[in-house]
Amino acid sequence: MLLGPIFNREFLTVPRAARHYVLRTAYLGSLWVIGLTAYQMIVGWTHSATLGETAHFGEVLFQLLTWLMLALFLFFSALSAASSVAREKDRRTFVLLLMTDLRNYEIVLGKILGSLLPILLLLATTIPLLMMLMLLGGVGLQQVIQAVLVAAAASVAAGSLGGLVALWRDRTFQSMALTVLLVVLYLCLARGVALLLGLVPALAGQPMLAWLDPFEAMHAVHDPLAAGFLPAYGFVAVMAGLSVLLNAWGVLRLRVWNPSGEPIQQRERPDEETEAKERADVAALAALSRRPARELMRVAAGGEATAITTESAPAAPTANGPAGPVENIPKTDRKTVHAAPGKTRMVGPNPILWREMATRAYGRRPLLVKTAYFVVLGLICYYALAPVWGGARFPFAAAYGLGPVTVLSLLLAAAQSATCITSERDVGALDLLLVTDLTPKEFIFGKLGGVLWNTKEYLIPPLVLAGVYAWLGLLAAPPANHPELAASMNVTALTCVLAGLLTLIAFVIVLGIHVALRNQNSGTAVVLTLGTVFFLSLGTLFCLALIVLSGRFEYQWLSFVGFLGAGIGGLWWVLNGTRPSGALTWASWFCPLAVFYAVMTVVVARPGSQESADPLTPFLVIVAAFGFTIAAMLVPLLSEFDVALGRTTGGGE
């Protein structure tokens with residue numbers, strides 16, 4: 001085929017994997033539950049549906065399915081392409097691809113389009129379901145065709161963006177974080193660009209925003225009376241051009257960006273005296289070889305600057321005279337043992353934490369990701385807070401800003417926690433760390449501390465934004481006849497929200513490390529971690545939408561039970577995998593039920609009034625459920641590290 005052997009391999013191997021059929025079944029099953037939910041909401045079970053109700057049901061179900069399809073494919077297409085390329089780089093196999101006679105376009109298009117095959121196959125399985133909705137009425141053939149084209153164009157464009165970012169950056173976390181941030185940034189900037197393009201006389205009157213924003217394009221598909229050139233086809237044309245530009249840029253810059261890394265500094269050829277000193281230092285190191293590795297890595301207090309400095313070291317022969325103690329060798333004479341360029345740096349008490357905080361363990365230019373995050377944060381806060389500062393007051397105003405920022409921060413923290421393990425495994429360093437004398441507590445808490453340190457810029461903004469909403473009086477609504485309670489209720493709500501956010505942050509970080517240590521496949525570990533956070537957020541939003549749209553939730557119990565069952569089963573598989581435990585099984589039950597209870601309590605609140613419910617009870621439920629889950633994941637890692645990793649069966653063996 002024209003796309004080369006990389007794409008051919010993906011084309012032949014993707015349908016053979018068992019997870020491909022499991023994923024397809026779970027996807028179609030979820031769509032069936034959504035259809036059942038929509039039928040309960042529109043028609044119900046108390047009477048036979050009329051033709052009008054059937055047509056209305058088909059229209060609403062078509063909108064629900066296409067919105068969900070677009071959100072899922074847009075998110076996972078970008079991450080799938082980025083992780084496909086980043087995984088090759090972490091395994092050091094991408095350089096091997098560059099050494100072959102493969103052309104640049106075969107490598108770039110083969111990796112990007114090959115990673116999009118599973119997603120495009122899921123899109124293909126959706127087409128028959130959308131066509132069946134035409135039998136109900138309310139949906140036309142043109143709408144089905146346009147919806148599929150919009151989803152496909154958005155998926156290819158997002159995948160091209162993710163692949164380009166992964167080709168540019170050299171670390172998995174930077175690739176995935178920048179991909180997510182750039183997708184969100186594009187969605188935010190599309191409105192401004194559409195406004196500027198609307199000033200061009202030739203484009204006046206055209207739906208420019210629908211040509212640039214996938215969600216606006218899908219909204220135009222739902223409106224069969226859209227005027228002018230059909231927005232869906234305009235969006236497809238724009239996304240096709242954007243995909244061509246992104247892939248062409250990746251093809252042109254492939255061998256400029258890769259292989260990447262720090263420049264290798266060659267050491268000068270030593271003279272005879274220097275070589276003699278090096279031999280003496282090597283002899284001193286050999287005498288210390290029986291000491292624990294951590295003592296050789298740490299720097300003794302009092303100014304000694306090299307790992308070989310010790311008071312108990314035996315004498316070593318020197319080049320100019322008799323043997324003398326190692327500690328008497330001048331510092332300048334011992335620096336040649338340090339083979340890496342630059343001066344020796346002191347290692348902290350915990351080598352894992354020191355590496356996470358003091359080195360470029362996650363790639364160069366970390367400020368690039370942080371700058372992109374703060375740009376996206378500023379745009380989200382502007383769109384969410386501008387109406388509030390203008391005096392507008394509407395229900396759930398805090399959710400419009402706090403929700404997106406929290407989800408984005410949790411996704412970045414999850415990506416960091418998962419890649420801190422997968423990056424070590426892919427280069428073969430994880431096995432080396434596990435055979436040292438580092439204790440499980442040092443390893444686990446070192447990684448946890450490193451994740452918190454590297455993501456502190458992403459974790460603080462949601463907490464600050466919650467304080468802003470509390471200061472504006474939007475976290476809680478007092479009773480209509482007691483407005484003086486607004487301040488105290490907002491303070492209480494802020495306390496519960498902050499503690500709940502901290503609990504969710506801890507859960508996400510521990511989840512990433514837990515999943516990455518239990519799954520040998522790095523790509524699977526990252527996808528499971530990010531997918532858990534994404535579906536947890538998406539499921540919560542979907543339950544909120546069901547309650548708000550229907551006005552009552554007692555008629556949706558069957559749908560809620562279906563979603564709870566899917567959530568419990570999915571979380572059980574993520575937490576347990578092939579090594580289930582009783583505590584993790586209970587945790588997979590507690591978390592979805594706790595989220596469901598919290599959503600019901602907050603949304604239903606005080607029926608018949610705008611008063612907010614007491615936040616203390618849902619807060620305690622969330623903290624108890626997720627706190628138990630955190631403990632269920634941490635305790636095996638700290639007490640039975642080898643058993644948790646599957647390297648031994650434990651017990652009496």
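Visitor: Among contacts in the protein chain between residues at least 6 apart in sequence, what percentage join residues at least 24 apart?

Guide: That comes to 76%. Keep in mind that this is a predicted model.

Visitor: How many helices and strands does the protein chain have?

Guide: You get 25 helices and zero strands. Of the 653 residues, 46% count as buried.

Visitor: Now the rings. What makes W67 and F215 a stacked pair?

Guide: Two values settle it. Their centres are 6.2 Å apart, and the cut-off for a pair is within 6.5 Å. Their planes are 20 degrees apart, and under 30 degrees counts as stacked, so the label is "stacked".

Visitor: Which parts does that pair tie together?

Guide: W67 belongs to helix 3 (residues 51-90) and F215 to helix 9 (residues 214-222), so the pair links parts 148 residues apart in sequence.

Visitor: Why is W67 called partly exposed?

Guide: Its relative accessible area is 29%. Buried means under 20% and exposed means over 50%, so W67 falls in between. F215, at 26%, is partly exposed as well.

Visitor: And why is the pair of Y373 and F374 called edge-to-face?

Guide: The planes of Y373 and F374 are 75 degrees apart, with 5.5 Å centre to centre. Over 60 degrees counts as edge-to-face, so that's the name this pair gets.

Visitor: Is Y373 buried or exposed?

Guide: Buried: Y373 has 1% relative accessibility, and the limit is under 20%. F374, at 42%, counts as partly exposed.

Visitor: How many aromatic pairs are there by this rule?

Guide: The count is 16. Ring pairs also link F75, F76, F534 and F535 into a cluster.

Visitor: How do you know that K456 lies over the face of W453?

Guide: K456 is 3.8 Å from the ring centre, and the distance limit is within 6 Å, along with an angle of within 35 degrees of the ring normal. R169 likewise lies over the face of W168, at 4.9 Å from the ring centre.

Technical notes:
Residues are numbered from 1 along each chain as its sequence is written. This is a predicted model: local features need pLDDT of at least 70, side-chain atom pairs count only at pLDDT 80 or more; totals for chains, interfaces and linings use all residues. Side-chain values use heavy atoms; hydrogens and water are left out. Helices (H or I, at least four residues) and strands (E, at least two) are DSSP runs, numbered from the N terminus. Buried means under 20% relative accessible area, exposed over 50%, partly exposed in between (1.4 Å probe, protein chains only). Contact means heavy atoms within 4.5 Å. Rings of Phe, Tyr and Trp (its six-membered ring) pair if their centres lie within 6.5 Å; planes under 30 degrees apart count as stacked, over 60 as edge-to-face and the rest as tilted.
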